[in-house]
Amino acid sequence: MTTPGEPAPARLTRADLDALPNYVPGRSPADLARELGLPEAVKLASNEVPYGPLPGVVEAVVKAAAGAHRYPDMGVVALRDTLSAMLGVDAQRIATGCGSVALAEHLVRTACMPGDEVVYSWRSFEAYPIITATSGATSVRVPNTAGHGHDLAAMAAAVTDRTRLVLVCNPNNPTGTSLHRAELDAFLSAVPQSTIVVLDEAYREFVTDPDVPDGLVEYGDRPNVVVLRTLSKAWGLAGLRVGYLVAQPEVAAAVRKVVTPFSTSAVAQAAALAALGQADEVRRRCALVISERDRVTAALRKLVPDVPDSQSNFVWLPLLDRAVEFGRACEARGVIVRPFDGDGVRVTIGTPAENDLFLAVAETALS
């Protein structure tokens with residue numbers, strides 16, 4: 001606090017961060033339940049899979065916790081080797097981190113100097129502008145199409161000689177829309193080899209459309225393509241934060257160089273190894289989510305006809321200026337969703353009972 005006539009103290013943080021939106025996490029259902037006097041509230045805001053940890057994960061976590069006084073393996077060798085065998089790529093092409101979002105941040109740090117550009121669709125993953133700005137790079141936002149997806153032709157046209165990296169979220173968060181093979185083929189042919197194209201495939205396990213390509217299988221060998229994946233969603237490790245990328249060896253090595261040391265904890269590594277041994281159970285759970293996604297989408301289209309097809313574990317309601325109001329109406333009935341002011345509302349697919357409750361609330365709020 002200053003006295004009259006005394007100069008204001010020097011600012012200690014970057015002024016440009018004032019204009020940067022905060023990343024909004026899903027609200028605590030326990031807090032909302034207490035506020036409303038309900039036995040429990042339903043959280044459909046954070047794209048979590050609702051079926052609990054995979055078999056063997058809790059036991060692996062407990063065992064690993066006994067060594068919490070020791071540093072984890074900084075090279076994450078066992079996990080990278082397991083991913084290498086599962087994906088059919090050399091371990092030197094893999095980097096792990098604290099979720100795929102952290103790896104996206106590390107990629108921007110390795111590729112961009114202040115003033116370099118990062119191109120991405122908008123609206124897309126809300127962390128993109130944050131990780132771009134905090135790396136000193138410049139965001140180039142390309143508006144979504146009328147169908148709520150990436151406009152790849154416009155994104156290609158937005159690439160300049162200052163563009164170091166393009167972020168392509170497929171399926172897109174928060175709209176659930178996806179890009180098809182022909183679109184991506186044309187886009188990757190148009191982007192210069194000097195620009196990294198990041199295929200963010202956090203929701204790949206929920207894709208059922210055969211025209212939506214597996215980025216690693218179809219484009220992973222291109223020198224400027226990096227594929228991001230996460231174990232937070234389908235693999236049920238949202239609370240432990242494990243993600244990975246696959247890139248050419250020199251790119252992966254650069255990312256491993258700038259990753260915060262020991263950021264993939266011993267507990268997270270053990271949990272990831274246990275989870276990766278449960279591929280059949282993951283497929284079973286994803287099938288349950290996909291079935292409910294189809295049911296919820298059909299019901300919502302009776303209320304909001306332009307709900308787009310989703311290839312993720314969430315659906316998008318393009319409510320525009322009604323988004324925040326709808327989010328509040330849901331919370332008043334004990335259902336937490338994720339409104340994006342002026343754009344729409346993202347709703348995670350939960351259990352059948354949770355989805356039934358949401359649909360009842362939506363019918364009341366939107367009829």
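Helix axes are lines fitted to C-alpha atoms over the stretch in contact, and angles between them run from 0 to 180 degrees between N-to-C directions. The model described here is predicted. In this model, helix α11 (residues 279-301) and helix α13 (residues 352-366) pack at an angle of about 10°. Their axes lie 11 Å apart. Angles under 35 degrees count as roughly parallel, so α11 is roughly parallel to α13. On the α11 side, the contact is made by E292, R295, V296, A299 and L300. On the α13 side, P352, N355, D356, F358, L359 and A362 take part. By class, the residues of this contact divide into seven nonpolar, one polar and three charged.

A298 also belongs to helix α11. Its relative accessibility is 44%, so A298 counts as partly exposed. The C-alpha atom of A298 is separated by 42 Å from that of R109. Along the chain, these two residues are 189 apart.

L103, H106, L107, R109 and T110 of α4 meet V251, A254, V255 and V258 of α9. The contact of α4 with α9 has six nonpolar, two polar and one charged residues. Here the packing angle is about 105°, and the axes are 9 Å apart. Angles of 65 to 115 degrees count as roughly perpendicular; α4 and α9 are therefore roughly perpendicular to each other.

The relative accessible area of T264 is 4%. This value is under the 20% cut-off, so T264 is buried. Leaving aside neighbours within four places in sequence, T264 is in contact with P72, V76, T96, G97, C98 and Q269.

A β-α-β unit is built from β3, helix α5 (residues 127-134) and β4. The unit is right-handed. Its strands, β3 (residues 117-122) and β4 (residues 138-143), pair in the parallel sense over six bridges. Within this pairing, V118 has S139 of β4 as its bridge partner. Helix α5 is largely enclosed by the rest of the structure, because seven of its eight residues are buried. The buried residues are A127, Y128, P129, I130, I131, T132 and A133. They pack against α4 (100-111), β3, β4, β5 (163-169) and β6 (196-200). Just after α5, G136 takes a positive phi of about 85°.

Another group of strands forms an open sheet. Its three strands are in the order β9-β12-β11, with antiparallel pairing. β9 (314-317) and β11 (338-340) are the edge strands, each pairing on one side only. On average, neighbouring strands of the sheet are turned by 20° against each other, direction ignored. Between β9 and β12 (residues 344-348), the antiparallel pairing extends over four bridges. W316 stands opposite R346 in β12. Helix α12 (residues 323-332) lies across β9, β11 and β12. Relative to β11, α12 runs at about 165°.

Terms used:
Residues numbered from 1 in each chain as written. Predicted model: local features only at pLDDT ≥ 70, side-chain atom pairs only at ≥ 80, totals over all residues. Heavy atoms only, no water. Pairing = 2+ DSSP bridges. Helix = DSSP H or I, 4+ residues; strand = E, 2+ residues; numbered from the N terminus. Right-handed = clockwise from strand over helix to strand, strands pointing away. Buried < 20%, exposed > 50% of the residue type's maximum accessible area, 1.4 Å probe, protein only. Contact = heavy atoms within 4.5 Å. Parallel < 35°, antiparallel > 145°, perpendicular 65-115°, else oblique. Nonpolar A, V, L, I, M, F, W, Y, C, P; charged D, E, K, R; others polar.
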